[in-house]
Amino acid sequence: MSLSHAPHDDLEAELSRIWGELLDVDPEEIPADAAFLRLGGDSVLAVRMSAMVRRRMAVELALSDVTVEITLARLAEAIRRRRAGGNGAQRALPVEIERRADPSAPFPLMPLQQGYFVGQHDGWELSYESAHFYADFGLAGLDGDEAPEALEDALARLALHQPMLRARITAQGEQYVLAPDAPGAIPRPRVYDLRAAGPQEVQAHLLAVRHEMRTTGPNPLHGPGLDIRLSLLPGDRGRLHTGESLLIMDGWSATLLNRELLTLAADWNAVLAPLDVDFGDYVTSLGRLRDSEPYAADRDWWHARLGDVPRPPALPLRADPLDVRASTMETLENHVAADRWAALRDQCARREVTPSAAMLTAFSVVLARWAGHRRMLLNSLQLNRLPLHPDIHRVIGAFATTMLIPLEPARGRTFAELAAETQRTFTEHAAHNLVSGVEVSRELARRRATTRPVAPVVFQSTLGMDAAIGAQAESAGPLGDLNFDDFHQQLRTPQVALEARFYELRDELVLVFSLVKELFDTEQVDAAFADLLALVETLADEAGWDQVVDLPAAAAAEPAPGLTLDRLPEPDADHGDGPPVDELEQRICTVWEEVLGVPVLDRGAGFFSLGGDSLLVVRTLARIAKETGGAPSVREFLNAPTVAGVAAAVRARLADARP
């Protein structure tokens, strides 16, 4: 690499050392005009970089300062402006993370946690009893006598190190951490010994465990949010099963869990670097953002755009999501070989486009072809660990959030042009992520007077996460060698009809569709997934980027016969307006007033238009049950979220309860 533009002052030299540490390159060989992305950086590493700048240089950067396209010279200039109190200083994060005086004190749920919490109450269409991720993988060369004890010891030590492994959720929707010596605080693995079993018994066992853990996940309302099991198999083989509640950990945390658990299992004497903060400290500190000018600016930015936000892609449906009671989501999976994935990353770097932006572009192209139109709203799952502390990337917790992304891939453009435009759109929206996509979705639903999901098609990319966290070890001591060539996974997340996920596994790119199969035509899903895989494969070659992409002529969806995901019928919740008609409706008005803090005088008043949200629904129903002796389910509440509608549901419940 040329040294002609090497850093030339102390500030750039310090930044080059930070970049060298993050990107595993020689700081002396980082040109000042080289983009972070070109050197191998991504959005995940950019967050860590911002935290390191904050700690080492005592400079608070704005979210918009640290983009993947930034060069070292431009970053140095941004820091100089911050130090001088220059333009844009008000966009810096106005909070400092503080340790809580009482680590066991309850603290609020994050917005996405609230969504999962309500979903587990059967609150949303496409809900499940548990929102969780399940995975299992093979072990070879396992020591069947020592492995169970090594795993139990590692899990106990990890639960002391990572407090959220001891977390619980209250019925009112708060979270807290149990003291290590509290009964049941430390999760313990379950071990199955099938070392003497025959092939058929082994196969039946693995299928039964997988089915149980796929359909019944851990629930921190009643116990640990983590379920670890170990199957000891003949021939010194084994299988490690993990079920992780989305209420206590996100995708980054799940990867971190595997790294740390297996590190501790491999060595009885291993010690993890201590953490100076925990998830509760982060959530509590983040709560102060809501009263800040940057938060208000982000909220205003989003609200100003909601009038022109498109609907989700008009994918044809076989059933109304309200009528579907799925127990699992179907998984379609394929891999791009390591050499092709390496070539694809090189092509991205040459065009200064992140691999995640390329995958989002490919997904939007496939959706446009499937739906027959180009303008659509997608939901994106974001890691979103704000750089409040350098240890944030080492903390297990439910940090993730969502971000709405309106896309409209233009006709007559090459894939390279579409990807560059997608990245610009993504970067612009990500710069306003102090307000979560959950909060934006609530406001959009309020404006559209709907309780149905406004963005049920999801994009998730964790590309680059392994590099940011650190590579997975190949062996775990008594547990043997890890075999990720034999890897199985299953996701259950509420309010999602279709989710595309992109991640790395053993140097390969993995593409996944997780979907509610009851909603879609199987042939259409298979065709769309094949289209996605074929398109991604072409991007390993330069020609794939320079070809004009075939896209539908229509920008917006036209009304079509049959059900489509963008135009679903609304439940009939019209029970009339006016003052309460009886004592029951008056009592419900009183409960709403106490919960929402506003006058409620109209039986036709909508709970959400008065400022309610999904978490307050759960709390309100608990109050109504106490006041009236009966309450509707969360879903019944959402189907008719007015005083009159809820009163009608209560009357029906009370009538059903009579002998």
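Let's start with the largest nonpolar core, which has 175 residues. A nonpolar core here is a set of buried Ala, Val, Leu, Ile, Met, Phe, Trp, Tyr and Cys residues joined through side-chain atoms within 4.5 Å. Buried means under 20% relative accessible area, with a 1.4 Å probe and protein chains only; exposed is over 50%, and partly exposed is in between. Tyr282, Met359, Leu498, Phe513, Phe520 and Trp592 touch the most other members. Helix H11, residues 355–371, gives the largest share of this core, 12 residues.

A word on the source. This is a predicted model, where local features need pLDDT of at least 70 and side-chain atom pairs count only at pLDDT 80 or more, while totals for chains, interfaces and linings use all residues. Residues are numbered from 1 along each chain as its sequence is written, and side-chain values use heavy atoms, with hydrogens and water left out.

Back to Tyr282. Which residues is Tyr282 in contact with, leaving aside its neighbours within four places in sequence? They are Ile97, Met110, Asn384, Arg385, Leu386, Leu388, Ile392 and Phe399. Contact means heavy atoms within 4.5 Å.

Leu11 sits in helix H1, residues 10–23. Helices are DSSP runs of H or I, at least four residues; strands are E runs of at least two; both are numbered from the N terminus. Leu11 is buried, at 10% relative accessible area. Beyond four places in sequence, its contacts are Met57, Ala76, Ile79, Arg80 and Arg83. Take Ile79: 68 residues away along the chain, yet the C-alpha atoms are separated by 8.7 Å.

Now the sheets. Five strands form an open sheet, order E5-E6-E7-E2-E12, with mixed pairing. Two strands pair if DSSP finds at least two bridges between them. Strands E5 (190–193) and E12 (481–492) stand at the edges with a single partner strand each, so one side of each has no neighbour in the sheet. Inside this sheet, E6 (residues 226–233) and E7 (residues 237–245) pair antiparallel over eight bridges. Arg229 has His241 in E7 as its bridge partner.

Helix H6, residues 199–215, packs on this sheet and touches E2 (132–140), E5, E6, E7 and E12. Its direction makes about 175° with that of E6. Axes are lines fitted to C-alpha atoms, for helices over the stretch in contact, and angles run from 0 to 180 degrees between N-to-C directions.

Last, a three-stranded open sheet: E1-E4-E3, antiparallel.
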